[in-house]
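Please look at the sequence and the model below. The paragraphs that follow lead through the fold step by step.

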Amino acid sequence: MAGLFVRARETAVLALSAALVYRTGMSERPAPRISFVSLGCPKALVDSERIVTRLRAEGYELSKTHAGADAVIVNTCGFLDSAKAESLEAIRVGLQENGKVIVTGCMGAEPAAIANAYPDVLAISGPQAYESVMEAVHSAVPPAHDPFLDLVPEQGVKLTPRHYAYLKISEGCNNTCSFCIIPKLRGRLVSRPAGEVLREAEKLVRAGVKELLVISQDTGAYGMDLRYAESQFADRQVRTKFIDLARELGNLGVWVRMHYIYPYPHIDDALELMADGKILPYLDIPFQHAAPNVLRAMKRPGDHETMLERIRGWRKAVPDLTVRSTFIVGFPGETEDDFRQLLDFLTEARIDRAGAFEYEAVGGAPANDLGLETVAPDIRKARWRRLMETQQKVSAKISREKIGRRVKAIVDEVGPTVSRGRTMADAPQIDGTTHIASHRRLRAGDIVDVKIESADAYDLRGTAV
Ligand code: SF4
């Protein structure tokens with residue numbers, strides 16, 4: 001018995017040492033330390049508690065002195081002049097003893113007073129601005145991820161396969177499309193600062209993601225709400241702006257696919273990045289319709305001719321461009337003539353991928369109050385079918401032109417002899433599949449050259465070369 005006990009104990013000790021060695025090897029840097037000054041009333045104290053909770057949850061430690069900290073947070077009070085003076089003094093001391101000071105709280109609601117007195121503070125935010133404070137902390141001193149202690153992986157919990165991930169850059173929308181209630185449900189546009197988005201993207205890439213799918217309600221509007229404010233990413237300032245974000249994402253060395261782009265004129269700027277191979281030559285622009293009077297009633301920009309001209313320009317700049325779009329058929333007031341214009345547009349613009357929806361009068365949508373004649377359900381359905389048939393023909397023609405060509409495809413699902421993947425022209429879930437025969441073993445996330453041998457309207461078949 002005694003021998004057995006010793007052996008068991010030795011095993012336990014050995015296992016513990018191994019774990020300690022391994023852990024020491026993985027913990028590359030000590031936990032960053034934050035010095036926290038909390039001033040003001042109980043409401044401010046609650047704000048401080050929440051910020052400190054977030055800091056601790058993310059692995060930051062609290063420092064008793066400014067000098068021993070990586071950064072200082074001062075939660076200010078702006079209630080009385082004497083409280084403001086006390087807050088300014090706390091900021092001064094933080095700057096003097098540490099140099100990296102993040103200011104938040106009531107006095108931060110009037111940032112000019114602080115910025116004028118202390119232009120060197122890293123960030124200023126108002127009360128309850130937990131996200132802004134954490135963002136400033138991340139910029140000043142990134143959290144040290146501990147793979148043994150953190151409940152979630154560094155890149156967060158993802159519901160997609162390991163090799164692709166959605167990157168949400170903003171929430172809400174400032175447009176007023178008459179069929180849509182998203183602005184009512186989700187509110188106005190709120191963009192995530194570029195630095196925050198880019199750090200998330202970097203973590204995803206480090207975790208093995210090979211394709212980033214940029215999403216939002218309105219990707220082209222990214223940063224408008226923040227007036228394109230700069231934020232820190234690595235050693236530089238990056239503007240919170242569609243084109244700047246696209247450029248930075250394009251430097252991460254993975255596929256970057258842009259979704260949900262409202263057709264603003266400045267979208268054209270992204271074409272250069274596509275031509276240079278920085279981001280995928282893929283534009284997901286929900287045009288919704290092509291007939292000018294329907295678009296007007298939808299409160300959407302553009303008309304058949306202008307849109308065609310733009311698409312021709314895009315294709316001239318990027319011959320391999322894939323245009324994906326969505327359309328609504330049977331919008332109130334849509335005539336047969338309007339609908340035919342939409343069909344002509346699909347063919348003339350050679351829309352590569354299209355999704356179509358029959359119009360539904362969503363409760364609360366402004367379109368319900370336009371007083372336009374509703375399109376009968378059977379006509380709506382018939383138009384939907386006609387649109388899909390037209391689109392299939394367009395799509396099949398485009399697919400057939402790929403036969404004999406070599407295209408790049410990302411592997412999604414490995415099969416014994418044939419794997420499933422997607423070309424640059426295909427987003428996961430919504431576009432076509434490429435069936436890839438291969439003599440060598442492929443892995444999910446591999447990007448391979450495929451010689452296309454056959455095609456139908458949606459899918460391609462070929463061999464990895
Ligand atoms: S359809 Fe899109 S762009 Fe228009 S209001 Fe809704 S979310 Fe915004």
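In which order do the five strands of the open sheet stand, and is their pairing parallel or antiparallel? The order is S2-S1-S3-S4-S5, and the pairing is parallel. Two strands are said to pair if DSSP finds at least two bridges between them. The edges of this sheet are strand S2 (61–62) and strand S5 (123–124), each of which pairs on one side only.

The structure is a predicted model, in which local features need pLDDT of at least 70, side-chain atom pairs count only at pLDDT 80 or more, and totals for chains, interfaces and linings use all residues. Residues are numbered from 1 along each chain as its sequence is written. Helices (H or I, at least four residues) and strands (E, at least two) are DSSP runs, numbered from the N terminus. By this count the chain has 13 helices and 20 strands.

The predictor's confidence in each residue is given by pLDDT, from 0 to 100. Its mean over the chain is 87, and 90% of the residues reach 70 or more. Among the elements, strand S18 (residues 434–437) has the highest mean pLDDT (98), and helix H1 (residues 2–26) the lowest (31). Over residues 1–27 the value stays under 50, and the model has four contacts beyond four places in sequence for this stretch. Two residues are in contact if their C-beta atoms, placed from the backbone, lie within 7 Å.

Ile34 has Ala71 in S3 as its bridge partner. Helices lie across these strands. Helix H3 (residues 81–97) lies across S1, S3 and strand S4 (101–105), and runs at about 180 degrees to S3. Helix H5 (residues 130–140) lies across S1, S3, S4 and S5, at about 175 degrees to S4. Such angles run from 0 to 180 degrees between N-to-C directions, and the axes are lines fitted to C-alpha atoms, for helices over the stretch in contact.

Strand S16 (residues 406–413) pairs with strand S17 (residues 418–423) in the antiparallel sense over four bridges, and Glu413 has Arg420 in S17 as its bridge partner. S16 also pairs with strand S19 (residues 447–455), again in the antiparallel sense, over five bridges; here Arg406 stands opposite Lys451. S19 and S20 form a hairpin with four residues between them.

Strand S9 (residues 211–215) contains Ile215. Why does Ile215 count as partly exposed? It does so because it has 16 C-beta neighbours inside 10 Å; a residue is buried with 20 or more other C-beta atoms within 10 Å of its own, exposed with 12 or fewer, and partly exposed in between, C-beta atoms being placed from the backbone. Of the 465 residues of the chain, 39% count as buried. Beyond its neighbours within four places in sequence, Ile215 is in contact with residues including Tyr166 and His259. Ile215 and Tyr166 are 49 residues apart in sequence, yet 6.6 Å apart in space, C-alpha to C-alpha.
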